[in-house]
Amino acid sequence: MLKEERLNAIVSLVDQKGAIKVTEIMERLNVSDMTVRRDLTELEAAGRLKRVHGGASSLNTYRPHELSHDDKQIINSVEKKEIVQKALSLIHEEETIFLGPGTTIELLAEAMEFKHLRVVTNCLPVFETLSKKKNALTIYLVGGEMRLLTKSFFGEIANKALEEMHFHKAFFSCNALKDNKIMTATIEEGQTQAIALDNSIEKYLLMDTSKVEKQDFYSFYQLEEVTAVVTNKDKFDTSKVLEKVVRVIY
């Protein structure tokens, strides 16, 4: 395969998936790690994609389909860990909090070391992580129909349960943010999250800047309705755009 063909193939793969890992490009195109990383640097300089930790993401605003859970865990993992450290400072003992689905929220659950906290979640990985901790956490898993991709529960059973609960704070994530609309891949999952947010005094959106100016299928909340966005700094000063609408913690 000629270099130009390889570069076009990489861009095509990135646009098809929305984001892709270096290892997957290596396997799909049968090239070395060094070649892929060199190509990604060249393509980013040409404005054809965006480099992220462990791979690359598309510059197309609309995500063609949702990434797998494994892909989400790898993409922007460094930025997500930075976001988690900032979010931890917002949680205090004796509070009741809601944790939504998402790999950033899963990392938050993993990092939590509180002794007296009541946590409600509709995300199975978050529940499993918290249940292994040797502390006095009170943990509730809201059930219902499970979405396999995110391992989160939604639907009538989950919604009715959340309608009767009230939280000091909610921590949630999203797939995309554009025109002040917070978006996710499915109506059902978005509706369940919106109920929990409506019943929270404070609402914190944990989101790395790669999701800004992207689009997904369903808008479930407005940016101006959240208490703050917890995000990372980037070379494009993306957080400055958010600060026009909402408090930004970075």
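Me: Which residues in α6 meet Pro125, Val126, Thr129 and Leu130 in α7?
Reply: This is a predicted model. Helix α6 covers residues 103-111 and helix α7 covers residues 124-131. By class, their contact has five nonpolar, one polar and two charged residues. The α6 residues that meet Pro125, Val126, Thr129 and Leu130 are Ile105, Glu106, Ala109 and Glu110.

Me: Is α6 roughly parallel or roughly perpendicular to α7?
Reply: The axes of α6 and α7 come within 9 Å. They cross at roughly 10 degrees. Angles under 35 degrees count as roughly parallel, so α6 against α7 is roughly parallel.

Me: How is α1 oriented to α3, roughly parallel or roughly perpendicular?
Reply: Helix α1 spans residues 3-17 and helix α3 spans residues 33-45. They pack at about 75 degrees, with axes 11 Å apart. The range 65 to 115 degrees counts as roughly perpendicular. Therefore α1 to α3 is roughly perpendicular.

Me: How many charged residues are in the contact of α1 with α3?
Reply: Helix α1 brings Lys3, Arg6, Leu7, Ile10 and Val11. Helix α3 brings Thr35, Asp39, Leu40, Glu42 and Leu43. Five of the contact residues are nonpolar and one is polar; the charged ones number four.

Me: Which residues of α9 make the contact with α8?
Reply: Helix α8 (residues 156-163) and helix α9 (residues 187-198) pack at about 5 degrees, their axes 9 Å apart. That angle makes the pair roughly parallel. From α8 come Ala158, Asn159, Leu162 and Glu163; from α9 come Thr192, Ile195 and Ala196.

Me: How many nonpolar residues does the contact of α8 with α9 have?
Reply: Ala158 and Leu162 are among the α8 residues here, and Ile195 and Ala196 are among those of α9. The contact also holds two polar residues and one charged residue. Its nonpolar count is four.

Me: How much area do domain 1 and domain 2 bury between them?
Reply: Domain 1 is 3-65 and domain 2 is 77-242. Their centres are 29 Å apart, taken over C-alpha atoms. Eight residues of domain 1 are in contact with 14 of domain 2. Carbon and sulfur atoms account for 47% of the buried area, which is about 950 Å².

Me: How far apart do the end C-alpha atoms of residues 3-58 lie?
Reply: An unreviewed UniProt entry annotates residues 3-58 as "domain: HTH deoR-type". The span is 64% helix and 16% strand. Its end C-alpha atoms are separated by 20 Å.

Methods. Residues numbered from 1 in each chain as written. Predicted model: local features only at pLDDT ≥ 70, side-chain atom pairs only at ≥ 80, totals over all residues. Heavy atoms only, no water. Axes fitted to C-alpha atoms, helices over the stretch in contact; angles between N-to-C directions. Helix = DSSP H or I, 4+ residues; strand = E, 2+ residues; numbered from the N terminus. Parallel < 35°, antiparallel > 145°, perpendicular 65-115°, else oblique. Contact = heavy atoms within 4.5 Å. Nonpolar A, V, L, I, M, F, W, Y, C, P; charged D, E, K, R; others polar. UniProt positions renumbered as here; feature names shortened; annotations may be inferred. Domains from an automatic or database assignment. Buried area = accessible area lost by both parts, 1.4 Å probe.
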